[in-house]
Amino acid sequence: QEDPLNLTTLIKLNDGNLAEILKLALADEEIECVIEGAHQAGLTGVFQIRVLVPQKDLSHAEQILQEHIARMEEDANQPDDSEDS
């Protein structure tokens, strides 16, 4: 049975929440996305979750992923202003 979308793995994660955030970011760019293995989200860190995108959109999805990772790292490196008081 042929997969009409020709899905391919964009990334494998252990965090279901991160997979959902990535799915929303891809949807903003009108890239279809399937999260495989999210049913085991209660066992975070045990099972891998695959984020799948159509092969034709893989290059664009990888670019979005890299931008998203860079933003997350930037946010993580920001000083916490709440400790100044």
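Exposed means over 50% relative accessible area, buried means under 20%, and partly exposed lies in between (1.4 Å probe, protein chains only). The model is predicted, so local features need pLDDT of at least 70 and side-chain atom pairs count only at pLDDT 80 or more, while totals for chains, interfaces and linings use all residues. Residues are numbered from 1 along each chain as its sequence is written, and side-chain values use heavy atoms, with hydrogens and water left out.

**Around Glu30**

Stay on Glu30 and look at the backbone. Glu30 lies in the loop between α1 and β2 (34-36). Its phi is near 60°, a positive value in a residue other than glycine. Helices (H or I, at least four residues) and strands (E, at least two) are DSSP runs, numbered from the N terminus.

Asp28 is exposed, at a relative accessible area of 66%.

**The whole chain**

Zoom out and colour by secondary structure. The protein chain has 2 helices and 3 strands, and along the sequence they follow the pattern β-α-β-β-α. Of the 85 residues, 27% count as buried. The accessible surface comes to about 6200 Å², and 46% of that belongs to carbon and sulfur atoms; such areas come from the Shrake-Rupley method with a 1.4 Å probe, and for residues only the protein chains shown count as cover.

Among contacts (heavy atoms within 4.5 Å) with a separation of 6 or more, 68% are between residues 24 or more positions apart.

**Salt bridges**

How many salt bridges does a search of the whole structure find? There are 2, each being a side-chain nitrogen of Lys or Arg within 4 Å of a carboxyl oxygen of Asp or Glu. Side chains of opposite charge can pair when their charged atoms come close.

Select Glu36 and Arg50. They form a salt bridge, with the closest N and O atoms 2.8 Å apart. Glu36 lies in strand β2 and Arg50 in strand β3 (residues 49-54), so the pair ties together parts that are 14 residues apart in sequence. Glu36 is partly exposed at 38% relative accessibility, and Arg50 is partly exposed with a relative accessible area of 28%.

Next, select Lys56 and Asp57. Their closest N and O atoms are 3.2 Å apart in a salt bridge. Lys56 is exposed, with a relative accessible area of 71%, whereas Asp57 counts as buried at 15% relative accessibility. Lys56 sits in the loop between β3 and α2.

**Last stop: His68**

Select His68 in helix α2 (residues 58-76). Is His68 buried or exposed? At 15% relative accessibility, His68 counts as buried. Show Ile21 and Ala25 as well: His68 touches both, not counting residues up to four places away in sequence.
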